[in-house]
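Hi there,

Here is the structure I promised to pass on to you. Have a look at it first, and my notes follow just below.

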Amino acid sequence: MELLDQISLNLQNGLDEKVAVLTKDAIEKQIPPKEILNSGLIAGMNIVGRKFKDHDIFLPDVLLAARAMNGAMELLKPLLIKEGIPIRGKVVIGSVKNDLHDIGKNLVAILLKGAGFEVIDLGNDVPAEKFISTAKEENAHVIGMSALLTTTMPVMKKVVDLAKDEGLYGRVRIIVGGAPVSKEYALEIGADAYSYDGANAVETVESFFPVNS
Amino acid sequence: MIDLLERLRSGEILVGDGAMGTMLFERGLKSGECPEAMNLSRPDVLEEIARLYLDAGADIIQTNTFGGSPLKLASYSLEDAAPQINRNAVAAVLKAVSGRAYVSGSCGPCGKILKPYGDTDPEAVYESFEIQMQAFAESGCDVICIETMMDLNEMLLALKAAKERAPGIPVMTTMTFDATPKGFFTIMGVTIEKAAHALEEAGADVTGSNCGNGIENMIRIAREYRKHTALPLIIQSNAGLPLIENGELIYPESPEFMASMAKELVDAGVSIIGGCCGTGPAHIRAIKNAVSPSPECQT
């Protein structure tokens with residue numbers, strides 16, 4: 001549908017006001033909110049994500065597209081909730097300990113939001129218990145953890161162990177990343193996945209959800 | 001001391017120092033604490049680290065002020081202490097080196113994303129850098145190094161603040177590039193060509209790159225800079241991307257390896273070679289031995 005293509009295209013170009021106007025237009029034209037979300041916004045954001053991964057565009061373009069996405073989501077959210085359609089998925093994210101470079105975690109949060117996920121960013125220096133209690137309270141689907149120091153990496157294992165104790169393990173998927181973290185480490189501690197960068201984190205989180213759920 | 005820029009113009013190769021963070025952690029900094037807070041509580045530690053790098057042969061020693069701009073310090077509610085934090089850091093290095101090396105005021109990113117992509121006003125960023133630069137000027141820095149920048153606009157604001165508030169002090173500007181299959185870009189999409197032209201035009205005295213993806217990439221980065229600017233070049237590479245071995249964080253590039261690459265950096269036209277994450281006094285000593293013309297030059 002042409003209107004949804006326009007939403008996608010303007011979102012890719014980071015034109016937040018235009019995307020908001022077109023989204024309102026689509027809502028008035030009675031296009032199902034889920035279709036606006038999937039074929040307009042998420043379709044556009046997927047292209048942005050791919051281009052970012054291929055180094056054809058950079059963080060500024062992603063930030064503008066994500067802002068356009070968030071603006072349109074404000075309009076769509078009440079309708080999606082009314083129709084009982086869940087948001088794409090809820091992710092609790094944070095850096096396990098304060099570190100000097102939190103841009104990685106922030107980038108993942110921005111990209112996930114942009115891709116249509118609800119993101120609860122717990123910030124830096126997040127204790128293991130906080131990840132678990134927030135995931136429980138918010139009925140989150142995913143816990144995302146970042147660590148940039150080897151000394152703080154064990155907190156990741158603690159979160160996995162706590163998830164097991166609290167019966168969340170398997171139900172809430174756990175994804176880890178950060179400079180010193182590796183796929184092997186993720187496996188070793190029992191995390192569901194490891195991601196090496198922001199675009200890959202979005203792909204990985206998406207893989208947790210069946211298509212069109 | 002002879003003017004730094006004069007020495008560079010005469011073709012001399014100078015050596016910078018290595019990482020600061022690891023040294024601080026080994027000396028009592030706790031994870032989650034503000035590294036610059038040690039400038040208030042433990043200036044003796046700063047002096048000790050500066051002496052270690054001086055003994056290793058560094059000609060330029062950086063201050064522990066990477067996160068010393070008020071905007072960055074605000075995440076620890078230390079913004080009001082910014083002038084003192086920066087002055088103490090310079091004073092500690094000055095005391096340790098007493099004229100045997102240049103004291104370089106380190107200035108890193110403010111930690112915020114500037115408008116229109118983020119929510120931080122460029123004016124606020126500029127004012128924050130002004131406070132840091134003023135402190136550098138007042139406390140007697142020999143040179144200022146604005147480093148690990150990824151946003152060219154932020155870099156230019158810091159450079160402008162340095163030129164305004166610390167007139168007469170040479171400014172080195174180093175951005176951090178990622179190696180991609182399509183070339184080198186900062187995370188914000190800045191190319192080396194764009195950075196070189198903009199920084200030379202804005203009055204940078206020395207330019208180059210720091211941190212990054214290992215010293216071999218730095219050789220390519222230096223060659224690319226050389227194509228686009230006649231300014232003296234500085235490279236402060238990390239010791240490669242960290243790996244995990246037996247649960248320990250390991251930076252893969254040894255002092256010997258980095259020293260062998262340092263010679264290639266000189267061939268590529270680099271005048272100042274130092275280290276970043278994962279490098280220590282051993283790396284600096286090896287680099288010094290590789291690039292210094294005679295043993296007498298070693299301190």
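**Chain B as a whole**

Among contacts in chain B between residues at least 6 apart in sequence, 77% join residues at least 24 apart. Please keep in mind that this is a predicted model.

Chain B contains twelve helices and twelve strands. Its radius of gyration is 18 Å, close to the 19 Å that the globule rule gives for 299 residues, so chain B is as compact as a globular protein of that length. The C-alpha trace of chain B spans about 45 × 45 × 45 Å along its principal axes. As for burial, 56% of the 299 residues of chain B count as buried.

**The two domains of chain A**

Chain A is split into domain 1, covering 2–82, and domain 2, covering 90–207. Their C-alpha centres are 26 Å apart. Where the domains of chain A meet, 13 residues of domain 1 are in contact with eight residues of domain 2. On the domain 1 side, the elements that give two or more residues are helix H3 (33–53) and helix H4 (59–82) of chain A. H3(A) supplies the largest share of that side, with seven residues.

Most residues other than glycine have a negative phi, and most peptide bonds are trans. Here are some places that depart from that pattern.

- In chain B, the peptide bond from Lys115(B) to Pro116(B) is cis, with omega near 5°. Pro116(B) sits in the loop that runs between strand E3 (102–107) and helix H7 (122–139) of chain B.
- In chain A, Asn139(A) is not a glycine, yet it has a positive phi of about 50°. Asn139(A) is found in the loop between helix H6 (128–137) and strand E3 (142–146) of chain A. Is this residue buried or exposed? Asn139(A) counts as exposed, because it has 10 C-beta neighbours inside 10 Å and the cut-off for exposed is 12 or fewer.
- Back in chain B, Cys211(B) also has a positive phi without being a glycine, with a value near 65°. Cys211(B) belongs to strand E8 (residues 206–211) of chain B. Cys211(B) is buried, because 21 other C-beta atoms lie within 10 Å and the cut-off for buried is 20 or more.

Best wishes

Methods: Residues numbered from 1 in each chain as written. Chains lettered and ligands numbered in written order. Predicted model: local features only at pLDDT ≥ 70, side-chain atom pairs only at ≥ 80, totals over all residues. Domains from an automatic or database assignment. Contact = placed C-beta atoms within 7 Å. Helix = DSSP H or I, 4+ residues; strand = E, 2+ residues; numbered from the N terminus. Rg over C-alpha atoms; globule rule 2.2 N^0.38 Å.
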